[in-house]
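Please open the structure in your viewer and keep the selection tool at hand. The stops below say what to select next and what is there.

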Amino acid sequence: MFHKLNNYINFSYIILDNINNEIYLIFKYKNSFMGCKMIPSAFSYYRPSKVDEAVGLISSLGEDARVIAGGHSLIPVMKQRLTDIKHLIDLSAIDEIKGIQIKNNVVSIGAMTTQVELINNEELFKVAPIIREASLQIADPQVRNLGTIGGNVANGDPANDMPGLMQLLDATYNLSGVNGSREVKARDFYEGAYFTSREDDEILISISFESPSGGYAYEKQKRKIGDYATAAAGVIIKVENNKCSSASIALTNLSDTPVYCDKAVDMIVGKEIDNDLLDQVTKICVDQSDPVADQRGPVEFKKYVAGIVIKKALKRAIEKV
Amino acid sequence: MEKINVSMKVNGKEENLTVEPRTLLVHALREHLEYTGAHIGCSSSHCGACTIDMNGKSVKSCTVFTPQAEGADILTVEGIGSPDKLHAIQEMFKEHHGLQCGYCTPGMIMRSYRFLQENPDPTEDEVRFGISGNLCRCTGYQNIVKSIMAAASKIRDEEKVNKKEIA
Amino acid sequence: MDDVKIPSSEERRSALSGLGTSRKRVEDARFTQGKGNYVDDIKLKGMLFGDFVRSPLAHARVKNIDTSAALALPGVHAVLTADDLRPLGLHWMPTLAGDKQMVLADGKVLFQGQEVAFVVGDDRYAVADGVSMVKVEYDELPVITDPFKAELKDAPILREDIADQKEGAHGARRHPNHIFTWEAGEKEETNKVIDEAEVVADEMVYYHRTHPCPLETCGCVASMDKVNGKLTVWGTFQAPHAVRTVASLISNIPEHNIRIISPDIGGGFGNKVGVYPGYICSIVASIVTGVPIKWVEDRMDNLMATAFARDYWMRGKISATKDGKITGLWCHTTADHGAFDACADPTKFPAGFMNICTGSYDIPVAYLAVDGVYTNKAPGGVAYRCSFRVTEASYFIERMVEVLALKLGMDSAELRSKNFIKKEQFPYTSALGWEYDSGDYHRAWDKALESVNYKKLREDQKKQLQLFKDGKSRKLMGIGLSHFTEIVGAGPVKNCDILGLGMFDACEIRIHPTGSAIARLGTISQGQGHATTFAQILASEIGIPASDITLEEGDTDTAPYGLGTYGSRSTPVAGAATAMAGRKIRAKAQMIAAYLLEVHDDDVEWDVDRFSVKGAPEKFKTMKEIAFASYNQAIPGLEPGLEAVSYYDPPNMTYPNGAYVVVMEIDVDTGVSDIKKVYALDDCGTRINPMIIEGQVHGGLTEALAISMGQEIAYDEQGNVMTGTLMDFFIPTAWETPTYETDYTVTPSPHHPIGAKGVGESPNVGGVSAFSNAVHDAFKPFGLTQAHMPHDHWRVWKIAKDLGLHN
């Protein structure tokens, strides 16, 4: 997995650091660490107005080029000089990847749609209310004004909320690169922390999913507003005659990728809903999680809280049915 | 370092800047345009002391590169009210002791400005949620919330008067 | 003058906006319009920027610093290392605690984030590039992060520069990593009492390392005017005069050629008292380049390298009779000072006023010993919104009282009440040597408990506990009590000095011909509103409306010498100086009035804003008239003008106190604590501005909430800082912060000219104990005696887990 990093960096080891949940590259003998945390290294700036233009720029400018969406994940990382971006391609002028369309029960959201646009869209709230519920728990008002759904799902940050949500919705990511367009299921997209199946030349164009039905809940425990999840779980569930007819469960920040709890889903569908079942389902989900210890707490704590959060989400979703 | 030209409107005035693309908007405002109201309190986009109003939204200007603001309509604390006629928010912050050291204040005021446009008649909880992107170390927020609630009331009253005058 | 109706004295008093009024702040005009003048707002012609290359390692030898690539960058002008500072003798600097500290790494580094080189360039962007291009080679050394391992026989020696010194600034050193041992009280007698006691509670109480984290980081602009030979430094200085004197001593620039200016400061909380390498390097760079140099650190620098607070391991033993009368207190503290002892304490008190740890209680005998040690962490510590070590002391005793109550099977509110110093006992000399000025603890306590309906709270708690035990709820209710006695207002010159500078303070007043005034103080506000409140003190003393008084601080060329603002000392010391200077003005005004009214000095009396003839009140002279007369009249025996200065040496410290109650609901499964109620009763003596007092209490409570419920500076075993940004360093937002109920009693200080004690830091002192005690109280029924702060989610969860509360 290291091959995807810029190969000129000479490093001793990579440590998944507790600070900001970012990967810290520690230079043992060469460069000075923590040189500056406020000002990125210099880059050239591009502002294409079409997807083709953007793709063209990425492929021609090479591996030192990077796209920027809302910037609220990327800019903090650039400030700490954890990346060495020489060409920054701003996607914000590309109108074709903005906006929310709902047609024949299929929701299509442009990658550059901001969190606040997701929250305020009444049509979207009617067909997929879980999105507003989850989005309101992301970061703070200012960040939600500029942060995009594309930025939240595309970089493989295990702490972001939208990837798990998209897996919950069984969303499809529409990518476009030099070799044309392709679709990747959200449930297949994440390979590891900061590693996804997106090729270097590809841009996320839009995200689409069928509007869900059933009860829903996005439950997130965090230390304060603005923090990533200590543990978060999303549930969408349909119950008929007290039996679960369909379900979807996904976890956030409890592994190096979002966790779609397929085993738990297989287990719950078709069963009679009672407390014991919910406990069993919860346990299966927790067993599928693999959280990392950090300042939020040790692994044991996170696993325990994951169980609480999952159970709460299940119960709330069932109530909403 | 190559520089680029960026045009934007700041506090009603057209500005043309020639800056390195990596120049953070907060630095462009503070150093190139000398609007030093927006402050820098952290390096991780948490504190909100740099909050301004950009294209009708509250934005942390430390997390925007200046060229991203090409063509933007920007309002900073220097652009609302005037020494002769303060904005209702500025008045109410003084009336209700909504500031102490003043460092978070421009960001708080600009956030309140937009928040009250989005939600002119908020509850206290809504205010607290609305300013959850702005940290303060001095006030414990209680008087800030009081100030914003009072400003909301004053603005609503002023609108009523304006509407009457127009009618 | 005949038909003009003279307003009543009440009306005239009200027009002054003097003592006791909620006068709106004069500072707000500029702050709400974005016209504050903070250090980073300063822009001077030709100004360059500087920033540091910092160590990634906590303990290492510096083998080589290669600055060539950095110097090759177009915008970079210079890179300073210790070698450049050595000829000036500035590669090390004295700390405020009698130690010395590296300005730039001199052969080794001792904490992560330590300053290694200073890059100077055109602007902060060029400097950032320069910093990233400096290549430093390190050889790692073993790291000490556990203060209890610092004095082991085979512990690595951190401070090789003083390894052979068996005497430190505060006495004998028994190990190279040992700094000082400080004792107070009666060791033998206390041990005897405790050994023979009926009941003893023994506990280790840890007050964890945290950081004042003001919203504005530290910084300065240093400008050496080579033409005039004058150095001017604008900076985030809570003690500008002390900085000037220290700067002169270490730079050999005569003190009259140094001007220190503290402009607007965005919060201090103790973080901005000390002298940091950034200031020294900026000054040197300015001298070398001949242009102004600006240094402003970022948040990570601030949290990693500037003065931390607390980190006191306090082992306590408290003894009592069976029916709850405390008979003795024993405390041994291990103080983790990081790599350099950069505590900002009065020199005779290397452990600050930790000996206030008998708290609000009448304890006949006590003993305190504090051992300071070095570790591979940032140097310090400072008094973060408290007086020196007072939060530590107060937390210690408030925890010991709770633990004792558990041992006795007594309600801790009752235990406190039983042991409070009684009103009649004031002034009270504590077993550890302080003379408390005044207090009526029982009145405050009773008022507090009644206001929160304490009885009902305990009943509710019982009900909630039953629900929990019945499996109907996973929440526990905690009631946190705290009664604190602070010791502030450092202090009497005979025992309080910072680096030899006595801790008096000063006020200088000049009345203008048309009756308005300017006053200057030796303190410096960082948000406390001095320009508003000290004008109120004066208004009441000299009868000039507060709005006619300009109040300035912070420019050492014009302000009278003072020791600055921290440890809640402004009101007790500078406030006293203000009142005294005002009285001198009034004394001269009396003579002028008598002269104008053609009577003897003793035949006039003061009436709010004027002197009138005794028995003939229609004959009077207002202060305005007197002011003009002082410029206009040739009065025999009196100099012209109307001006006074007072340098005030306080006879004692002041002792604000209070009673706080916090109610929490704790979820044992998630570790989340939901704060239901915060009640804070403060007694700060005479209340100058109730609005500002309330604001200070809100702010202090919020800092207390942060500290007790999650804020910490944490290190891993390699000395890496784990909480270097606001992601992990807990500052609550408006959402996490509750609504507070404030209340008060007034027990004036008998020795202060206006009876005021100071209040800015009380809420942090009282608050931390109240919040922490609430958490402990929730788990009392299950046997919890002590769980260390911070009480963040996972630690509270762990308490529940260890008590077997998870099924």
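Begin by selecting helix 3 of chain B, where the buried residues are T105(B), P106(B), G107(B), M108(B), I109(B), M110(B), R111(B), S112(B), Y113(B), R114(B), F115(B) and L116(B); buried here means under 20% relative accessible area, exposed over 50%, and partly exposed in between, with a 1.4 Å probe and protein chains only. Because 12 of its 14 residues are buried, helix 3 of chain B is largely enclosed by the rest of the structure. The helix covers residues 105-118 and reaches 20 Å from its first C-alpha to its last, close to the 20 Å expected at 1.5 Å a residue, the expected span being 1.5 Å times one less than the number of residues. Helices (H or I, at least four residues) and strands (E, at least two) are DSSP runs, numbered from the N terminus.

Before you go on, note that this is a predicted model, in which local features need pLDDT of at least 70 and side-chain atom pairs count only at pLDDT 80 or more, while totals for chains, interfaces and linings use all residues. Residues are numbered from 1 along each chain as its sequence is written, chains are lettered from A and ligands numbered from 1 in the order in which they are written, and side-chain values use heavy atoms, with hydrogens and water left out.

Now select the whole of chain B, which has 5 helices and 5 strands and follows the pattern β-β-α-β-β-β-α-α-α-α along its sequence. Its C-alpha atoms fill a box of roughly 50 × 40 × 25 Å, taken along the principal axes, and buried residues make up 65% of its 167 residues.

Next, select helix 1 of chain B, residues 25-32, which is largely enclosed by the rest of the structure because 6 of its 8 residues are buried. Those buried residues are L25(B), V26(B), H27(B), A28(B), L29(B) and R30(B). What do they pack against? Around them you will find strand 1 (4-10), strand 2 (13-19), strand 3 (51-54) and strand 5 of chain B, together with helix 5 (124-133) of chain C. Helix 1 of chain B is followed by E34(B), whose phi is positive, near 60°.

From there, move to A69(B), in the loop between strand 4 (57-60) and strand 5 (73-75) of chain B. This residue counts as buried, because its relative accessibility is 0%. Leaving aside residues up to four places away in sequence, A69(B) touches V6(B), S7(B), M8(B), L25(B), M54(B) and I74(B), a contact meaning heavy atoms within 4.5 Å. If you also select F129(B), 60 residues apart from A69(B) along the chain, the two C-alpha atoms are separated by 26 Å.

Then select chain A, which has 12 helices and 16 strands, and in which 62% of the 321 residues count as buried. Within chain A, R81(A) has a positive phi of about 55° although it is not a glycine, and R81(A) lies in the loop between helix 2 (74-79) and strand 5 (87-90).

Finish in chain C with V608(C), which has a positive phi of about 65° although it is not a glycine, and which is buried, with a relative accessible area of 8%. The place of V608(C) is in the loop between strand 29 (604-606) and strand 30 (610-613) of chain C.
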